[in-house]
Amino acid sequence: MVGRRYLGCADGRRLLPRAPAHAAHAVRELSREMSAETTPATAAAADASRFGVDNPAPVIEAPRKRTKKSPKTTRTNFELYGWLFMRLSGIVLVVLVLGHLLIQLVLDGGVSKIGFAFVAGRWASPFWQAWDLVMLWLAMLHGANGLRTVINDYAERATTRFWLKNLLYAATVFTVLLGTLVIFTFDPNIR
């Protein structure tokens, strides 16, 4: 028995009768039916006898058939591309972040060496500017895509979802633009 009122069987769950006086009898009956139904030969014979030339099997449409009346969000593969982006950007971010930590903290003498002069020396090289820029963009877009998914999952009302996602997009654009501006306009001669 699965739960209190259900009996597990091969083809799903069947509800037991509610009458307590007949419960034992109903369980025995359902058990006999299940043991007779679940043999492969019996199941194949039952399927063959149900459908034939006069009574064809029903045609089931594809679960995600898109039409002109479908919502625009289901007519594109945006969620597929978002899913792929999360996986690929995650792999690239692991390499970028671990490389950043290894080079900055282990190979260059640790945290005590990091200061304004250290950053100025690093960002004098276009390689390190590009490294930090790619890391910033991927981290922000990866995080924003993850939060967009959380908002879609947990915000129940459409207006709440709309405003939360707009706030998220605004914060992401602001942070990416500000970070990009800082990386490219950093002046080591500030006094």
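Leaving aside its neighbours within four places in sequence, which residues is R148 in contact with? The close-up views below take up this residue and others. This is a predicted model, in which local features need pLDDT of at least 70, side-chain atom pairs count only at pLDDT 80 or more, and totals for chains, interfaces and linings use all residues. Residues are numbered from 1 along each chain as its sequence is written, and side-chain values use heavy atoms, with hydrogens and water left out.

View 1. Beyond its neighbours within four places in sequence, R148 is in contact with F78, E79, K165, L168 and Y169. Contact means heavy atoms within 4.5 Å. R148 has a relative accessible area of 5% and is therefore buried. Buried means under 20% relative accessible area, exposed over 50%, and partly exposed in between (1.4 Å probe, protein chains only).

**View 2. The salt bridge between E79 and R148.** A search of the whole structure finds 1 salt bridge. The term covers a side-chain nitrogen of Lys or Arg within 4 Å of a carboxyl oxygen of Asp or Glu. The E79 and R148 side chains meet at 2.9 Å, N to O. E79 lies in helix α3 and R148 in helix α5, so the pair ties together parts that are 69 residues apart in sequence. E79 is partly exposed, at 45% relative accessible area, whereas R148 counts as buried.

**View 3. The largest nonpolar core.** Nine residues build this core: L93, L96, W123, W128, W131, L133, M135, L138 and I183. A nonpolar core is a set of buried Ala, Val, Leu, Ile, Met, Phe, Trp, Tyr and Cys residues joined through side-chain atoms within 4.5 Å. Helices α3 (78–107) and α5 (126–154) each supply at least two residues of this core. Helix α5 gives the most, with 5 residues. In soluble globular proteins, nonpolar side chains tend to be buried together. W131 is one of the core residues. Its neighbours within four places in sequence aside, W131 is in contact with V95, L96, G99 and H100.

**View 4. Q129 in helix α5.** Is Q129 buried or exposed? Q129 counts as buried, because its relative accessibility is 17%. The Q129 side chain reaches the backbone oxygen of I183 at 3.2 Å. Leaving aside neighbours within four places in sequence, Q129 is in contact with W123, I183 and F184. Both W123 and I183 belong to the largest nonpolar core.

**View 5. A nonpolar patch on the surface.** The patch is formed by V94, V97, L98, L101, L102, L105, V106, L107, V111 and I114. Together they have about 880 Å² of accessible area. Accessible areas come from the Shrake-Rupley method with a 1.4 Å probe; for residues, only the protein chains shown count as cover. Patches are made of residues with over 30% relative accessible area and no salt bridge; like charges are joined within 9 Å, nonpolar side chains (Val, Leu, Ile, Met, Phe, Trp, Tyr) within 5 Å. L101, one of the patch residues, is found in helix α3. L101 is partly exposed, with a relative accessible area of 38%.

**View 6. The chain around these sites.** The chain has 6 helices and 2 strands. Helices (H or I, at least four residues) and strands (E, at least two) are DSSP runs, numbered from the N terminus. Along the sequence, the pattern is β-β-α-α-α-α-α-α. Of the 191 residues, 20% are buried.

Terms used:
Polar contact = N/O pair within 3.5 Å; in protein donor to acceptor, adjacent residues only side chain to side chain.
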